[in-house]
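My notes follow the order in which I looked.

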Amino acid sequence: MSFSFSSEQKQSIIWLGVGLALVLLLFLLAPVLMPFIVSAILAYILNPAVDRLSQIRLRRFSISRSMASSAVILLLILTSLAMVLILVPVLKKELPLLQSQLPRFLDRLDQFSAPLLAKYHIPVRLDGAGLKALLTDQLSTSGEEIGKAILSSLKVGGTAVIGIIGNLLLIPVVLFYLLLDWHHLIDRIRHFIPRRWIASITKAVTEVDDLMAQYLRGQILVMVILAVFYAVALALVGFDLALPVGIMTGLLVFIPYIGYGLGLALAMIGAILQYDNLNGILAVAAVYTVGQLLESFVLTPRLVGERIGLHPLTVIFALMAFGELFGFTGILMALPVSAVMSVGVSYLRRYYLNSSFYRQ
């Protein structure tokens, strides 16, 4: 049996092979492409702001696209530094206090738990002395020992550290050029789409762009609401670090679980150091429990899931599935990728309902 292909079919097979080869090449170059992918994502998010700034016209002065791109990148860097400056002083203040206050807290915890466990005939008692010795030893590492450990890790993984630093320094440079030539690059990509598919692909990309815009607006709204909630709720229970810890927890919510976990850890450490009884510690824990429930079952499904056309159960499933398949990166990309996939599924559904396979 012989197969004969038309000229058009041969060209389609050739270009399909070229496309698969490019996908394979991108997969092999994944570690090198990391700063470019991150920069492309940031450029997509920041491009509307650059467009608006570059459209500002004053009497004798206009903002060029290069100036607008530089200003937006500078604002992004300053925001990132502000997050670090919020986090570092809190850690610097809490860790020494934790070392001095931890033994007293363990004694109080043992005094509270021992009678309660004995009441239910549970023969368990905290080894306060052992725990104090272990934790005090771990927290009392001198600066010299920390320095030696850091130097040792740099010697072992120096190349990796240099690579990470290089990527971090490269991201703003790549981001600047992407923002500067964003519309030109989009036009070049559109120019390479086969003319027979240009209308349908343009329509699909427009739908995806609208969904992503809705997702970003919803996510920003969730972050602002939670930052206000945690700051106000922690202040109401008398927590001294309510403002920095609450704002940081809310702003880091775009990293599912990690942002909440970091904020909870800092809040609990601060509560242990501040309160002399378990009531205050339990109050702080209750604030974070309510905040997590509010985010998971109300804010994210309503403000993010509904805006991108995803059912609340789909949002929860997407977070779990992508986290299981791709780890932490999958959790970050779960909702945006699900939104993009929903557009493809809607097109597939319409094609199926209009097919002869379904109608006959």
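I began with the convention for handedness: a crossing is left-handed if the near helix is turned anticlockwise from the far one by less than a right angle, and right-handed if clockwise. I also noted that helices (H or I, at least four residues) and strands (E, at least two) are DSSP runs, numbered from the N terminus. I am working on a predicted model, in which local features need pLDDT of at least 70 and side-chain atom pairs count only at pLDDT 80 or more, while totals for chains, interfaces and linings use all residues. Residues are numbered from 1 along each chain as its sequence is written, and side-chain values use heavy atoms, with hydrogens and water left out.

**Overall make-up.** I found 13 helices and zero strands in the protein. Of its 360 residues, 28% are buried, where buried means under 20% relative accessible area, exposed over 50%, and partly exposed in between (1.4 Å probe, protein chains only). Taking contact as heavy atoms within 4.5 Å, I noted that 70% of the contacts with a separation of 6 or more join residues 24 or more positions apart.

**H8 against H9.** I looked up helix H8 (residues 198-236) and helix H9 (residues 242-251), whose axes come within 7 Å and cross at roughly 155 degrees; axes are lines fitted to C-alpha atoms, for helices over the stretch in contact, and angles run from 0 to 180 degrees between N-to-C directions. H8 and H9 are therefore roughly antiparallel to each other, since angles over 145 degrees count as such, under 35 as roughly parallel, 65 to 115 as roughly perpendicular and the rest as oblique. Their crossing is right-handed. The contact includes Met223, Leu226 and Tyr230 of H8, and Val245, Gly246 and Ile247 of H9.

**Single residues.** Gln219 lies in helix H8 and, at 11% relative accessibility, counts as buried. Setting aside residues up to four places away in sequence, I found Gln219 touching Val253, Phe254 and Val304. Tyr347, in helix H12 (residues 312-353), is partly exposed, with a relative accessible area of 24%. Beyond its neighbours within four places in sequence, Tyr347 is in contact with Ser200, Lys203, Ala204 and Glu207. The C-alpha atoms of Tyr347 and Ser200 are separated by 9.9 Å, although these residues are 147 residues apart along the chain.
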